[in-house]
Amino acid sequence: VSTQSTWAPIKQDSKDTIPNEVIHQLEALNLKDDSGDSITILRYELLDEDRKRIYSAAIPELNRGLVISCLCITQDVSVSVHVEHIIHSVSRNDQYVSNPIFMECVITLLELPLYRFVEYQFTPNGPWMLGRLCEEALLQYQKSKYQVWKEMLLGTNCEATLRRLLKMGMVYNIYDEHAFPEPNSEVSQWLVKDEKSGKDIHIPHPVHALRLWEPEKSSYKSLSCQLDGAPSPTNSNEVWNQLLNELSTKVGADYLKQLTT
């Protein structure tokens, strides 16, 4: 079924023009939703520069060629859902080649379109980056990572790791070096060397904020960062002191004091 009549006109600004050759390729793409059902294109446009920067940092190939946002809708109007596909068009031998871009969720291992991935920020004024997991995986991960952090704090035999964890204090927000990687220039700041094994250990690096693109609204929605089971920052002192008492019983009060001074 042709979708030409539902497509929005292309901006004719010199920076925003999509070549006719690419438009024809977009029309010929058999785009589908996550269930494998065909979807109808509502409009297309060059991806805005802010989102392109975020996606290109995670997928360097997007730094060349055209990066196009295709807003689509499921063909079942009774349960219509908006879907966005990012199309990468590159000129090769004077001809464009256009393909949708997918990425694998590190938790579900599903290949998903880019808007399905959570974006994260480590500091209030820091850059937004593309996470490697979808919202559904995030919700599952938030249920377990607080316990993982507690076990690391109370169970590590690496002095360097314990010293860093004590310096950081209570962890409230989601963290994971695979789902929320640091920029290459900052990775070393979150590594310590296990003095016994010689292996690098990644210290939890909690995110500051999370968000997710909503295609139907052309805007972001905020997501909760907080770990299930973690106390809120306003009432965490009691929990932190309980953990320190438990740790003191295990490693000795003098040794613990040595690590924290």
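Which residues of helix α1 (residues 20–28) are buried?

## Basis

This is a predicted model, in which local features need pLDDT of at least 70 and side-chain atom pairs count only at pLDDT 80 or more, while totals for chains, interfaces and linings use all residues. Residues are numbered from 1 along each chain as its sequence is written, and side-chain values use heavy atoms, with hydrogens and water left out.

## Helix α1

Val22, Ile23 and Leu26 are the buried residues of α1 (buried: under 20% relative accessible area; exposed: over 50%; partly exposed in between; 1.4 Å probe, protein chains only). They cover an arc of only 105° around the axis, so they lie on the same side of α1; the arc is that of the directions from the helix axis to the C-beta atoms.

The face turned away from this buried side carries the exposed residues Asn20, His24 and Ala28. The cover over the buried residues of α1 includes β1 (39–46), β2 (66–74), β3 (82–92) and β4 (95–100). Helices (H or I, at least four residues) and strands (E, at least two) are DSSP runs, numbered from the N terminus.

## Helices α5 and α6

Helix α5 (residues 159–168) packs on helix α6 (residues 237–251) at an angle of about 155°, with the axes 12 Å apart. The two helices are therefore roughly antiparallel to each other (over 145 degrees). Leu162, Leu165 and Leu166 of α5 and Trp240, Leu244 and Leu247 of α6 make the contact (heavy atoms within 4.5 Å).

## Thr161

Thr161 is located in α5 and, at 1% relative accessibility, counts as buried. Leaving aside residues up to four places away in sequence, Thr161 touches Met152, Thr156, Val192, Ile201 and Ile203.

How values were computed
Axes are lines fitted to C-alpha atoms, for helices over the stretch in contact, and angles run from 0 to 180 degrees between N-to-C directions. Angles under 35 degrees count as roughly parallel, over 145 as roughly antiparallel, 65 to 115 as roughly perpendicular and the rest as oblique.
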